[in-house]
Structure formats: structure tokens, C-alpha cells
Amino acid sequence: MDATPYILSIDHLLSEEERLTWTAARDFCERRVAPVIERHYEAATFPRELIPEFAEMGFLGAPLVGYGCAGMGPVAYGLTMIELERQDSGIRSFCSVQSALAMWPIYAYGDEAQKERWLPGMAAGETIGCFGLTEPNSGSDPGSMRTHAVQDGPGGDYILNGQKFWITNSPIADVAVVWAKTIDHGSDAPVIRGFLIERGMPGFSTPETKGKLSLRASITGEIVLSDVRVPKANLLPGVRGLKGPLGCLTQARYGIGWGAIGAAMGVYERARTYTLDRVQFGQPIAGFQLTQQKLVELHNEIGKGLLLAYHFGRLKESGKLTPVQVSYLKRDNVRMALEAARTARSMLGGNGIMGEFHIMRHVCNLETVFTYEGTHEIHTLAIGRALTGIAAFK
Ligand SMILES: Cc1cc2nc3c(=O)[nH]c(=O)nc-3n(C[C@H](O)[C@H](O)[C@H](O)COP(=O)(O)OP(=O)(O)OC[C@H]3O[C@@H](n4cnc5c(N)ncnc54)[C@H](O)[C@@H]3O)c2cc1C
């Protein structure tokens with residue numbers, strides 16, 4: 001009997017365009033990302049030279065329509081996330097942050113002048129964006145942020161002060177979408193608003209965070225705001241309150257829910273190949289029942305994750321996907337991928353810890369993916385609240 005890496009196929013559920021997008025993304029990532037990723041991971045550098053090629057592939061702002069963006073449907077977008085993360089979660093993170101956390105808020109909450117000013121350059125990869133929500137003392141509870149903006153002068157400029165922490169791409173960003181508390185004219189209660197902070201504005205700096213043992217091929221840094229004067233024209237007019245940043249995170253988490261499947265596929269395929277080749281006790285280790293059980297678990301969990309993503313992708317297409325469904329997708333597929341990576345690592349024995357076998361890197365990366373964009377626990381509580389009607393965050 002012929003062996004096959006996958007029994008489940010979703011090809012027949014995809015449109016011709018989605019199939020072509022998937023194949024093109026896989027070819028590109030195998031050709032351009034795979035050969036360089038381990039070197040960048042070890043050096044803790046991001047392959048900046050690939051940014052124009054990401055743009056050419058339509059990966060930057062992929063789901064947005066107009067402004068030079070590809071206008072991909074949710075399923076096609078998800079399939080590209082699979083291929084990016086099959087190589088490395090840090091590479092997928094770069095594209096996710098640019099698309100969902102930096103471009104999307106400008107697209108969804110910005111005025112026409114802001115969209116025309118920023119989006120075409122961001123889609124072309126000439127302008128890099130980042131998203132500043134998390135602070136040293138404000139992670140899972142972003143409503144506790146301290147960064148604040150005070151209006152000053154006749155032009156209505158804002159003066160921003162504060163610090164953002166764990167910000168993907170901040171050291172290389174030309175524009176930062178920063179969330180800060182301010183008091184709107186005529187009100188006395190602070191409200192969270194989004195600001196576009198430009199590189200070069202006095203008082204704005206982005207020191208790099210060194211020493212990460214996870215997501216090493218992604219650049220992470222701080223955003224330090226020290227009396228940064230920001231014109232009123234840089235305020236995102238279309239949203240007020242926590243729903244602003246949470247709306248962006250829903251977009252990004254949707255992509256992560258797909259991307260994590262790619263990481264799981266990558267480690268499963270490597271474990272399968274390795275165990276078919278590796279001989280112990282006179283036979284390939286894939287011939288042992290315990291090894292087959294692991295392979296079957298990995299394979300079947302990937303299939304379920306893919307169906308979940310596909311189902312939610314079609315819901316998103318019809319405009320019906322809810323934030324709690326996105327929590328379900330992000331939570332379960334990332335947990336699945338992390339468990340898959342740990343299992344696959346064990347199946348390679350000692351070789352599993354070596355960079356050249358490309359599994360340990362996924363294990364380390366997925367520890368971050370489990371935590372960022374809403375930790376596993378916070379998504380559990382979001383789903384628990386939906387099931388019971390009781391919020392258990394406090
Ligand atoms: C590499 C990397 C890149 C990142 N990129 C960005 C970015 O681009 N922009 C950005 O704004 N942020 C970014 N983040 C931040 C990320 O979103 C936060 O790390 C995450 O939200 C968790 O916040 P925290 O680290 O402060 O952990 P904490 O909130 O302190 O949580 C610590 C632990 O306590 C648990 N916990 C907290 N509250 C509860 C509760 N109510 N019930 C049960 N358990 C709870 C958490 O689940 C977690 O296990 C990034 C993080 C990393 C590591």
C-alpha cells in the first residue's frame with residue numbers, strides 16, 4: 001500500500017483561486033524563506049531583504065481591498081499564513097503585524113487622508129508598521145494601560161507619554177499604531193484612542209529587546225514616548241475605547257489560527273520522514289506502534305485544526321465570524337501546534353534539538369504564539385464567558 005502524509009484533503013472545498021494562492025505561497029516560502037530561516041533564527045535577525053518579495057506576493061495587507069493591497073478572501077489569506085508559519089512563526093508574525101495590526105486599523109478606523117498616505121507604501125513593503133498596546137505593567141489587562149495623550153495648543157496636537165513593551169517590528173517601524181488613554185473634548189472620563197506615531201518625531205524611540213529564546217527571527221522592541229507631539233491629523237478618528245485595539249487583535253488572531261496549522265504540518269512532516277528513515281532495533285522507527293500512535297495523533301489533530309479554520313474562514317467570508325469564534329480558533333490550533341511540535345521533537349530523539357532538523361525552533365516559537373495575541377488562558381476565559389454568561393477574568 002502506498003503511504004501518504006495526509007488522509008484528509010480540503011482541496012475540493014477550495015476555489016481555483018484559493019488553490020493557486022496556496023501553491024504559490026508554498027513555492028515562494030520553500031524557495032525564499034526555507035533556505036535562510038535557520039541562519040536568521042540563530043543570529044536573531046529578521047530577513048529584511050525579503051520584505052519587497054513579501055509585498056510582491058501580496059502578503060502585506062493581503063485581506064484589504066484597494067490601496068495596492070491584494071484583496072484576498074479570508075480562506076486564501078489563511079492559506080498564506082499556513083505557508084509562512086510552516087517556515088517560521090516569526091516570519092508569519094512580521095506579515096500578521098504589518099497586515100492586521102498596523103494596516104488594518106488605518107484601513108478600518110482611519111480617515112481617507114490617512115489611508116492614502118500610509119496604506120500603499122505599507123502594501124509595497126516600503127513603510128513598516130507596528131502595534132503598541134502591551135506595556136510593562138499592562139499585558140492581559142490592556143484597559144490598565146498608563147500611556148496617555150493630552151491635547152495641547154490651538155491646533156489640537158496631542159502630547160504622548162508612556163512606554164509600550166514587547167512590540168513586534170518596533171525597532172524597524174516607520175509608523176507605530178499606539179493606543180493611549182486621553183480625555184476627549186467635552187468629557188471627563190479617559191478613553192483609549194489610537195495614534196499614528198511617525199519615526200523621527202522627537203521623543204519617540206524604539207529600543208530593541210535582546211535575549212529572546214523564542215521568535216528569534218522576529219524583531220521585538222519597546223516604544224518609548226517622551227513628550228511626543230503628535231498632530232491631531234494622526235489620531236485615528238473612527239474608533240474609541242478598548243474595542244479599537246481588540247478589533248485589530250481579532251483580525252490578527254484569525255491569521256494565527258491558520259498559521260499555527262502550518263507550524264504543525266511542518267513538524268509532523270519532518271517527524272514522519274525522519275521516523276521512516278531512522279532505523280533502530282533493525283527496523284524504521286516508524287514501524288513501532290508507539291511511533292505510529294504519535295504520527296496518527298499529529299496527523300488527525302492537524303486535520304481537525306484545518307477543518308476548524310476552514311469553517312471559520314467561510315463564516316468570516318459571510319461576515320458572521322464572531323470574536324469568541326476567533327478565540328476558539330487561536331486557542332485550540334495554537335495549543336495543537338505546540339503539542340505537535342513537542343511530540344515531533346521527541347520523535348527525533350537527540351536530533352530533535354538540532355537546528356538543522358527545524359523542529360526545536362518551532363517548539364520555541366510556539367511558546368510565544370501560545371502567549372501573545374491573548375494568552376491561552378485569556379482565550380479560555382473568553383470562551384468560558386460565552387458558554388456560561390459569567391466573566392471569570394477577575
Ligand atoms: C515575542 C512577543 C511579541 C509580541 N508582540 C506584541 C506586539 O506587537 N504588540 C503588543 O501590543 N504586544 C505584543 N506582545 C505582548 C503579548 O500580547 C503579551 O505578552 C500578552 O498579552 C500577555 O501579557 P503579559 O506578557 O504581560 O502576561 P500577563 O498578562 O502578566 O500574564 C501572565 C500569566 O498570567 C495569566 N493571567 C493573566 N490574567 C489572568 C486571568 N484573569 N486569569 C487567568 N490567568 C491570567 C496569563 O494567561 C499568563 O499565563 C508580544 C509578546 C511577545 C512575547
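Where does glutamate 373 lie? Glutamate 373 lies in the loop between α9 and α10.

## Basis of the model

This is a predicted model, in which local features need pLDDT of at least 70, side-chain atom pairs count only at pLDDT 80 or more, and totals for chains, interfaces and linings use all residues. Residues are numbered from 1 along each chain as its sequence is written.

Helices (H or I, at least four residues) and strands (E, at least two) are DSSP runs, numbered from the N terminus. A residue is called buried if 20 or more other C-beta atoms lie within 10 Å of its own, exposed if 12 or fewer, and partly exposed in between, with C-beta atoms placed from the backbone. Two residues are in contact if their C-beta atoms, placed from the backbone, lie within 7 Å.

## Domains

The domain assignment gives domain 1 (11–123), domain 2 (129–241) and domain 3 (244–388). Such bounds come from an automatic or database domain assignment. The centres of domain 1 and domain 3, taken over C-alpha atoms, are separated by 20 Å.

Between these two domains, 26 residues of domain 1 are in contact with 29 residues of domain 3. On the side of domain 1 that touches domain 3, α1, α3 (74–87) and α4 (89–109) each supply at least two residues. The residues of that side divide into 14 nonpolar, five polar and seven charged. Here Ala, Val, Leu, Ile, Met, Phe, Trp, Tyr, Cys and Pro count as nonpolar, Asp, Glu, Lys and Arg as charged, and the others, Gly among them, as polar.

## The ligand shell

The ligand is surrounded by 21 residues, and the closest are Leu133, Gly139, Ser140, Thr375 and Glu377. The elements that give two or more residues to this shell are β3 (129–132), β5 (157–168), α9 (360–371) and α10 (376–388). A residue is near a molecule if its C-beta atom, placed from the backbone, lies within 6 Å of it.

By type, the shell around the ligand holds 10 nonpolar, nine polar and two charged residues. Domain 2 and domain 3 each provide at least three residues of the shell.

## The nonpolar core

A nonpolar core is a set of buried Ala, Val, Leu, Ile, Met, Phe, Trp, Tyr and Cys residues joined through C-beta atoms within 7 Å. The largest one has 109 residues, and those with the most contacts inside it are Phe195, Ile261, Ala264, Ala337 and Ala341. Helix α6 (residues 243–277) gives the most to this core, with 15 residues.

Leaving aside neighbours within four places in sequence, isoleucine 261 is in contact with Ile82, Ile302, Gly305, Leu306, Ala309, Asn333 and Ala337. In soluble globular proteins, nonpolar side chains tend to be buried together.

Helix α8 (residues 323–347) has 25 residues and reaches 36 Å from its first C-alpha to its last, close to the 36 Å expected at 1.5 Å a residue. The expected span is 1.5 Å times one less than the number of residues in the helix. Of the 25 residues of α8, 18 are buried, and the helix is mostly covered. Glycine 349, with a positive phi near 55 degrees, follows α8.

Helix α9 has 12 residues and reaches 18 Å from its first C-alpha to its last, close to the 16 Å expected at 1.5 Å a residue. Its buried residues are Met360, Arg361, His362, Val363, Asn365, Leu366, Thr368 and Val369. What covers them includes α1, α4, α6 and α8. Just after α9, glutamate 373 takes a positive phi of about 60 degrees. Glutamate 373 is buried because 25 other C-beta atoms lie within 10 Å.

## Other single residues

Leucine 215 lies in the loop between β8 (204–205) and β9 (220–230). Leucine 215 has a positive phi of about 50 degrees although it is not a glycine, and counts as buried, with 24 C-beta neighbours inside 10 Å. Tryptophan 118, in helix α5 (residues 112–123), is also buried, with 23 C-beta neighbours inside 10 Å. Not counting residues up to four places away in sequence, tryptophan 118 touches Ile106, Thr127 and Val175.

Glutamate 16 is in helix α1 (residues 16–43) and is exposed, because 7 other C-beta atoms lie within 10 Å. Lysine 320, in the loop between α7 (289–317) and α8, counts as exposed with 10 C-beta neighbours inside 10 Å.
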